[in-house]
Amino acid sequence: MTDEMFFSVDERSLRRGRRIARRTPTCRACLVWSADAPEHRLQGVVMDINPFGMLIRMLDYFPMGTAACIQLMRDEDFEIPLAGPLEGAVVRVIPNADGFTDIGVRIKLKEIPRAESRPIRIERRRPLLTRRSRMHTIDFTVGDRGGRRTGG
């Protein structure tokens, strides 16, 4: 169940496994319950995960096709949730020799609602209004001695 590469039947080409995305190995405690019986929660450990599914190792058994809810937990005591529960379906059941059962769960992807987009209005920049200066220069003659000042 690894994401290894495989040779084709004629051994001339190499092809990738059937996984949509690479798995990320993890060891996260989780609670698993059937969507029909939410009060009966079972403990498990998520062994690897990707955006489309996960592999959970548990002591109990879930039949294939069961609608399941998975709650990832922050601690090993199964008390503090890490995030909201995920919905999925059991697509693979693999019993191990050591008494554990590995179940493969395909996560039901929820559609993310898109926010309504408003039309973008780009306002044209108005040119700066050129105003005439209100300051005026006026020549004053001190003492009214005539039009010109003579230095005296």
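Predicted model: local features only at pLDDT ≥ 70, side-chain atom pairs only at ≥ 80, totals over all residues.
Local features need pLDDT of at least 70 and side-chain atom pairs count only at pLDDT 80 or more, while totals for chains, interfaces and linings use all residues. Residues are numbered from 1 along each chain as its sequence is written, and side-chain values use heavy atoms, with hydrogens and water left out.

Six strands close into a barrel in the order E3-E4-E5-E8-E7-E6, with antiparallel pairing. On average, neighbouring strands of this sheet are turned by 45° against each other, direction ignored; axes are lines fitted to C-alpha atoms, for helices over the stretch in contact, and angles run from 0 to 180 degrees between N-to-C directions. Strands (E, at least two residues) and helices (H or I, at least four) are DSSP runs numbered from the N terminus, and two strands pair if DSSP finds at least two bridges between them. Strand E6 (residues 67–72) and strand E7 (residues 86–95) pair over four bridges in the antiparallel sense. In this region Ala 67 stands opposite Ala 89 in E7.

Side chains of opposite charge can pair when their charged atoms come close. A salt bridge is counted when a side-chain nitrogen of Lys or Arg is within 4 Å of a carboxyl oxygen of Asp or Glu, and the count here comes to three.

Arg 23 bridges to Asp 48, with the closest N and O atoms 3.0 Å apart. Arg 23 sits in the loop between strand E2 (14–16) and strand E3 (24–34) and Asp 48 in strand E4 (residues 42–50), so this pair ties together parts 25 residues apart in sequence. Arg 23 is buried at 18% relative accessible area, and Asp 48 is buried at 12%. Buried means under 20%, exposed over 50%, and partly exposed in between (1.4 Å probe, protein chains only).

In a further bridge, Asp 102 and Arg 57 have their closest N and O atoms 2.8 Å apart. Asp 102 belongs to strand E8 and Arg 57 to strand E5 (residues 53–58), so parts 45 residues apart in sequence are tied together. Asp 102 is buried at 6%, whereas Arg 57 is partly exposed at 28%.

Finally, Ile 20, Phe 52 and Leu 109 make a nonpolar surface patch of about 310 Å². Patches consist of residues with over 30% relative accessible area and no salt bridge, like charges being joined within 9 Å and nonpolar side chains (Val, Leu, Ile, Met, Phe, Trp, Tyr) within 5 Å. Accessible areas come from the Shrake-Rupley method with a 1.4 Å probe, and for residues only the protein chains shown count as cover. Leu 109 lies in the segment after strand E8 (101–107) and is exposed at 54% relative accessibility.
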